[in-house]
Amino acid sequence: MAAKSVPPRPAPRLYLATPEVDEPSQLAASLAELLAAADVAAVLLRLKPTDQRTMISRVKALAPLVQEAGAALLLDGHVELVARGGADGAHLTGLAAMEEALPSLKPDRIAGVGGLATRHDSMAAGEHGADYVLFGEPDANGQRPSAEAIAERLQWWDELFEPPCVGFAVSREEAAEFAAAGADFVLVGDFIWADPRGAKAALVDAAAAIRQAHAATFGKARAGQG
């Protein structure tokens, strides 16, 4: 009897976090090129705190660029600005923040969540309706788990739960490791913008590392099942 065919598992997509944005014009000039260079599913906009009117203007300056490229624009916090700025959703830190934000975001906008210290918190986030869970970001003191621990958490989530999981990568090597662990998306940020070759080269490089790691891991898995 022929073996049941297993549909190919798609490679993880990139989730690009911006630097903290004060004046959006410089970022706007490079964003379209970046989004055309690699498969970016979403952009996480980090806003420098100031008055609401100014922050809304910053969101409005960048949202169309991101959306026209086929990506979603999420705000890092600032749930109250999502609709007014034309963003697609928000990323929240911690269960309490997510639960507070859900009524204003759902059902039309994306609610992602990180800051999930325990497996129990992660499961509770999924049960409450998070559109994705993020593992591996630094805490308020700049501390984060080891890459091995993050990969283990991603693998655990991928095997058991339906909502997508995102790995927070601080290097090309971590991006590849998290892709192999089963992340649906890989969040990249500071190391992309700091690359001396330029952000475009770094983003393309990270995307290639993700594809290679995914093919090496899940290509083998499918071959074994065939």
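Which residue forms a salt bridge with Asp22, and how far apart are the closest N and O atoms? The partner is Lys48, with the closest N and O atoms 3.8 Å apart, in what is a predicted model throughout the views below.

**View 1. Asp39 and Arg13 meet through their side chains in a salt bridge.** The N to O distance of this bridge is 2.8 Å. Because Asp39 sits in the loop between α1 (25-37) and β2 while Arg13 sits in strand β1, the pair ties together parts that are 26 residues apart in sequence. Both partners are partly exposed, Asp39 at 44% relative accessibility and Arg13 at 32%.

**View 2. Arg9 takes part in a salt bridge with Asp158 and also lies over the face of Phe218.** The side chains of Arg9 and Asp158 meet with an N to O distance of 3.0 Å, and this pair links distant parts of the chain, with Arg9 in the segment before β1 (13-21) and Asp158 in helix α6 (residues 147-160), 149 residues apart. Arg9 counts as partly exposed at 25% relative accessibility, and Asp158 is partly exposed with a relative accessible area of 24%. Over the face of Phe218, Arg9 is placed at 4.3 Å from the ring centre.

**View 3. A network of salt bridges joins Arg172, Asp195, Arg197 and Asp205 through shared partners.** In the model as a whole, the count of salt bridges comes to twelve.

**View 4. Arg46, in strand β2 (residues 40-47), makes a polar contact with Asp190.** The contact runs from side chain to side chain at 3.3 Å. With a relative accessibility of 19%, Arg46 counts as buried, since the limit for that class is under 20%. Leaving aside residues up to four places away in sequence, Arg46 touches Ala17, Thr18, Pro19, Glu20 and Val21, together with Asp76, Phe168 and Asp190.

**View 5. Phe135, Trp156, Trp157 and Phe161 form one aromatic cluster.** The aromatic pairs in the model number five. Trp156 and Phe161 form an edge-to-face pair, 5.2 Å from centre to centre and with 70° between the planes. The rings of Trp157 and Phe161 have their centres 4.4 Å apart and their planes at 35°, so this second pair is tilted. Trp156 is buried, with a relative accessible area of 11%, and Trp157 also counts as buried, at 1% relative accessibility, whereas Phe161 is partly exposed at 27%. Arg153 lies over the face of Phe135, at 5.8 Å from the ring centre.

**View 6. Ile192 and Leu203 touch the most other members of the largest nonpolar core.** This core has 67 residues, and its largest share, eight residues, comes from helix α9 (residues 199-225). Leu203 touches Leu14, Leu16, Leu34, Ala38, Val40, Val188 and Ile192, when residues up to four places away in sequence are not counted.

**View 7. Helix α7 (residues 172-181) contains several buried residues and is followed by Gly182.** The buried positions in helix α7 are Glu174, Ala175, Ala176, Phe178, Ala179 and Ala181. As background to this view, an α-helix has 3.6 residues a turn, so residues three or four places apart point the same way. Gly182, after the end of α7, has a positive phi, near 115°.

Notes. Residues numbered from 1 in each chain as written. Predicted model: local features only at pLDDT ≥ 70, side-chain atom pairs only at ≥ 80, totals over all residues. Heavy atoms only, no water. Helix = DSSP H or I, 4+ residues; strand = E, 2+ residues; numbered from the N terminus. Buried < 20%, exposed > 50% of the residue type's maximum accessible area, 1.4 Å probe, protein only. Polar contact = N/O pair within 3.5 Å; in protein donor to acceptor, adjacent residues only side chain to side chain. Contact = heavy atoms within 4.5 Å. Salt bridge = Lys/Arg side-chain N within 4 Å of Asp/Glu carboxyl O. Phe/Tyr/Trp six-rings, centres within 6.5 Å; stacked < 30°, edge-to-face > 60°. Lys NZ or Arg CZ within 6 Å of the ring centre and 35° of its normal. Core = buried A, V, L, I, M, F, W, Y, C linked by side-chain atoms within 4.5 Å.
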